[in-house]
Amino acid sequence: MRRLRLLDFSLASVTAFVYLSLYLPILLVFVLSFFSMRRGRVNWETFSLGWYAKLFKNEALGDALLNSLLVGIAAVLVAMVFATLAAINANSRPSSRSAQFLEYVIFLPFLLPPIITGLSLLIYFREAGIPRGLPTIIVGHAVFVLAIIYRILLTRLNALSRSLVDAAHDLGASNLQTFRYIILPNLRMPLLTSGILAFALSFDETMITLFLTGTDATLPVRLYAMIRVGFTPEINALIALILGFSIILTVALAYAWGRNSGSGGNLIAKTSK
Amino acid sequence: MANPETGSPAAADVGLPLLRIRGLGARFGTVEAIKPLDLDVNDGEFLTILGPSGSGKTTLLRTIAGFQPPSAGRIEFDGKDIADLPINRRPFNTVFQDYALFPHMTVRENVGFGLRVRGTAKAQLNDRVDAALGIVGLEEFDARYPSQLSGGQQQRTALARAMICEPRLILLDEPLAALDAALRRQMQNFLKTLQRQSGITFLFVTHDQSEAITMSDRICVMRSGSIEQIGTPRELYYRPKSRFVAAFFGASNIVEPCRIHETRDDATIVETPVGQFRISGPPPDSSSGLALAIRPEALGPEDETRVNTLELEVVAVSFVGSETITELRHRRTSQVFTMKTRSDPAARPPDIGSILNIGFDPAECALVTEAAN
């Protein structure tokens, strides 16, 4: 009994240590965002929302936030269209050359160091004479998140019985009707979950964006620029806000995933077949 | 029985078959799943395609349905060639082995799907769905999702969905395979009754010979991508043409080699290692690998109908309830026979090692060849 209890205690300690080292710095940033600093030390008597107020008056940051939202939504929508088409192709003709080729290639931008992806896209856009700006960032992010959406959709499609499509055709449905009434309804949850995940990835993406941005900065790029100039407590507030937003997305994702469990929402378990 | 190929009660008064298949073949890469074959399905009949797994029965059904492109041949429905028609324009419907119910739709939406994609008006659609649900006895369950139904209810939903567009032919791919034994028997009766009352032609695939016998008007036995024999259940049961069909329908006592000794008007006399026997009917056209097939239940104590006799030694006796199975051995040749008799509570089972005079009826055995064709 004693030994068991000791084991339990050590296990709990290790767990606590891991969680603390993960979350304490984040918590610290959050706490510090409410206080001012004097000569490099925190002045604990100055609790206020002042930094946040200052943050909201900063028009450049507001623009950056809007850009981030715009880029995220647009990139996810673009990626969704291509991922859906690619996933349906891979599912209906798994042994076709195009599906096999895609299977290998689609993950490259996701797995390559972002600096490589960003640089190649930059060279491509320059050679093609396309000016850098929000559209190029959207393309970059769409390429980056395509694989994750594709994989989640394909997992769901592969979990669906092939005979559902056969049955729909057998009952007189055209390809378009089969897509609309049978395939799309079954992709609703995976589209939602992969969309949230892809949006979160896009929202945090910095390296590729740095290469592709023109004069419009996204939030992480703006943050990066601010740090280079000098660290101000304002940055703590900004990090706290981004964190809060990311947590909301994570919770939403977990919730959607939880509701979707049992109907092919599991990303890893069903991918290999 | 001049031509058992077309021996169907329905065949006599029907001119053209509803489904006419000529030279139909299918291949997967280099594998020939169906060798070019002919098959006629008459209007209103219950035709079962029976065969072990890998015999090509499901491929044949899928080729007719349009899920598998044919490599050769014609499929005519009601006189028109439909081999090139896309699946969704073919004038019949399928019940799938896994039912293939749409998981995100209720029973009502599933059943009404065929009408919905045809743009049927809402009121008419609802009336027809109600009628179809009434036929399969699922009126109370219309708002449920497939995952909330039992296996039998899912089966009925699939059936109602296939019937909603009033096809003249329904293809059924092992629809009872997933059900337990008791429910399967119940569904067999239900399907048969439904088929008779609706007059819809059923083309039914199964690997279960007892299922085929109880339900079908005619059975088409398949083996390695070819049709082995087509006939009524009685014909296949009592007059199998090949060893394969005989064994499939339980005629497990095979005596070989057989030599035709004499052919008379109504009977054939054959010479076998275990004796000379009289067999009803003419000999088969081919005589390659000729053998005599005797059903276990055809064997019994010698009497005035069981005129073919042989002396056999009792090897083992097992009581299995209503029947008693006796293993017998022919002393000189060591040929083993299985005899199935009705259990008699008054009779004492024979002693192991005793010699019995066993006989069988000339009408209850068949001369079979290596292959039917």
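1. Starting with R306(B): this residue counts as partly exposed at 22% relative accessibility, where partly exposed sits between buried (under 20% relative accessible area) and exposed (over 50%), with a 1.4 Å probe and protein chains only. Elsewhere, R20(B), R74(B), E76(B) and D81(B) are joined into one network by salt bridges that share partners.

2. A quick word on what we're looking at. This is a predicted model, so local features need pLDDT of at least 70 and side-chain atom pairs count only at pLDDT 80 or more, while totals for chains, interfaces and linings use all residues. Residues are numbered from 1 along each chain as its sequence is written, chains are lettered from A and ligands numbered from 1 in written order, and side-chain values use heavy atoms, leaving out hydrogens and water.

3. More on charge pairs. Over all chains, a search of the whole structure turns up 27 salt bridges. One of them joins the side chains of D266(B) and R278(B), 3.8 Å from N to O. D266(B) lies in the loop between β12 (259–263) and β13 (267–272) of chain B and R278(B) in strand β14 (residues 275–280), so the pair ties together parts that are 12 residues apart in sequence. Strands here are DSSP E runs of at least two residues and helices are H or I runs of at least four, both numbered from the N terminus. R278(B) is partly exposed, with 29% relative accessibility.

4. Over in chain A, R126(A) and E127(A) meet through their side chains in a salt bridge of 3.2 Å, N to O. Buried or exposed: which is R126(A)? R126(A) is exposed, at 60% relative accessible area, and E127(A) counts as exposed too, at 61%.

5. The nonpolar patch is worth a look. It covers about 930 Å², and its members include F101(A), Y104(A), V105(A), L112(A) and Y224(A). Patch members have over 30% relative accessible area and no salt bridge; nonpolar side chains (Val, Leu, Ile, Met, Phe, Trp, Tyr) are joined within 5 Å, like charges within 9 Å. Areas come from Shrake-Rupley with a 1.4 Å probe, and for residues only the protein chains shown count as cover. Which helix gives the largest share? That is α4(A), with three residues; α4 (97–105), α6 (114–128) and α10 (207–212) of chain A each supply at least two. L112(A) sits in the loop between α5 (108–111) and α6 of chain A and is partly exposed at 35%.

6. Chain B as a whole: eight helices and 21 strands, with C-alpha atoms filling a box of roughly 75 × 45 × 40 Å along the principal axes. Of its 373 residues, 48% count as buried. Among contacts (heavy atoms within 4.5 Å) in chain B with a separation of 6 or more, 66% are between residues 24 or more positions apart. The accessible surface of chain B comes to about 16,900 Å², with 49% belonging to carbon and sulfur atoms.

7. Last one: T232(A) is in the loop between α11 (219–229) and α12 (233–260) of chain A, partly exposed at 29%. T232(A) and M37(A) are 195 residues apart in sequence, yet 9.0 Å apart in space, C-alpha to C-alpha.

How values were computed. Salt bridge = Lys/Arg side-chain N within 4 Å of Asp/Glu carboxyl O.
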